[in-house]
Amino acid sequence: MNCFVKQSAAWWTGSPSGRRAFTLPEVLIAGSVFLMVVGGVLLGNSFGVQVMGITQPKLAAAGRIRNMISQLYSDVNSAKFIHVGNGDLSSFTAVGTGNSKQGNAIEIYASADTNAYVRYYLDSVDRKLKRMTNGAVGASVVATAISNSAVFTGEDFAGNILTNNQANMAIGVRLQYYELEGPATPVGATNYYKSYSLTNRIAWRAR
């Protein structure tokens with residue numbers, strides 16, 4: 001009888017190792033580690049979303065700029081001669097000899113026929129760069145939110161603005177944006193984007 005009691009007491013006071021539970025300090029430590037891991041995952045995900053929100057508008061705007069430059073390259077490279085000046089949908093005035101070749105517009109002629117042309121101009125009202133062809137009743141928008149007025153220049157090989165016509169004149173393009181295209185993300189000192197601009201030179205040779 002005494003032996004049976006001793007065995008019963010041993011069964012209650014001792015347990016196999018597989019049945020042992022965590023102590024309170026172990027539970028607290030495991031819980032703390034788990035919370036830190038979950039917090040780190042959530043923090044990393046939040047940071048990734050913020051980075052995507054910052055970079056996505058710029059990537060989208062850069063894609064639209066590449067398309068615009070590709071079209072401009074194609075038009076300029078097919079030109080027989082080009083005039084730099086000032087214009088709008090209904091008129092164009094080329095810069096005269098002796099004056100700096102810079103303005104808000106260019107006219108591109110693929111042949112000697114001056115009645116057939118492609119015109120790029122900055123609309124001073126809505127601040128959009130537009131493209132039109134002769135006889136068109138409207139113009140297509142190629143860039144928006146442009147703050148500078150002198151968009152086009154005629155330059156020599158060293159980048160100096162010309163005052164006369166040269167067969168190897170390069171067409172300079174400068175666009176300063178006050179907001180990114182598409183999402184209308186403002187550009188300025190208080191935003192992620194301090195400035196956003198495009199500067200390019202397109203080599204062209206009269207045919």
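Two strands pair if DSSP finds at least two bridges between them. Helices (H or I, at least four residues) and strands (E, at least two) are themselves DSSP runs, numbered from the N terminus. Keep both in mind as you click around.

What you have open is a predicted model, where local features need pLDDT of at least 70 and side-chain atom pairs count only at pLDDT 80 or more, while totals for chains, interfaces and linings use all residues. Residues are numbered from 1 along each chain as its sequence is written, and side-chain values use heavy atoms, with hydrogens and water left out.

**Start with the whole chain**

Colour by secondary structure: the protein chain has two helices and 12 strands. Following the sequence, the pattern reads α-α-β-β-β-β-β-β-β-β-β-β-β-β. Now colour by burial (buried means under 20% relative accessible area, exposed over 50%, partly exposed in between, with a 1.4 Å probe and protein chains only). Of the 207 residues in the protein chain, 31% are buried.

**Select E3, E8, E9 and E12**

These four strands form an open sheet in the order E3-E8-E9-E12, with antiparallel pairing. E3 and E12 are the edge strands, each pairing on one side only. Zoom in on E3 (residues 102-103), which pairs with E8 over two bridges in the antiparallel sense. Gly103 has Phe152 as its bridge partner in E8, and Gln102 has Thr153. On the way to E9, four bridges join E8 to that antiparallel strand, and Glu155 stands opposite Ala170 in E9.

Stay on E8 (residues 152-155) and show side chains. In a regular strand the side chains alternate between the two faces of the sheet. Both faces of E8 are covered: Phe152 and Gly154 on one side, and Thr153 and Glu155 on the other, are all buried.

**Move to the six-stranded sheet**

Next, select the open sheet with the order E2-E1-E4-E5-E6-E7, again with antiparallel pairing. E2 (92-94) and E7 stand at its edges with a single partner strand each, so one side of each is left without a neighbour in the sheet.

**Look into the cores**

A nonpolar core is a set of buried Ala, Val, Leu, Ile, Met, Phe, Trp, Tyr and Cys residues joined through side-chain atoms within 4.5 Å. The largest one has 31 residues, and those with the most contacts inside it are Ile106, Phe152, Ile171 and Leu175. Elements giving two or more residues to this core include helix H2 (24-77), strand E1 (81-87) and strand E9 (170-176). H2 gives the most, with five residues. A second, separate core of six residues includes Phe92, Ala105, Tyr121 and Met132.

**Finish in two loops**

Most residues other than glycine have a negative phi, and most peptide bonds are trans. Pick Arg127, in the loop between E5 and strand E6 (128-133): its phi is near 60°, a positive value. Arg127 is buried, with a relative accessible area of 17%. Then pick Ala145, in the loop between E7 and E8. Phi of Ala145 is also near 60°, and Ala145 counts as buried at 4% relative accessibility.
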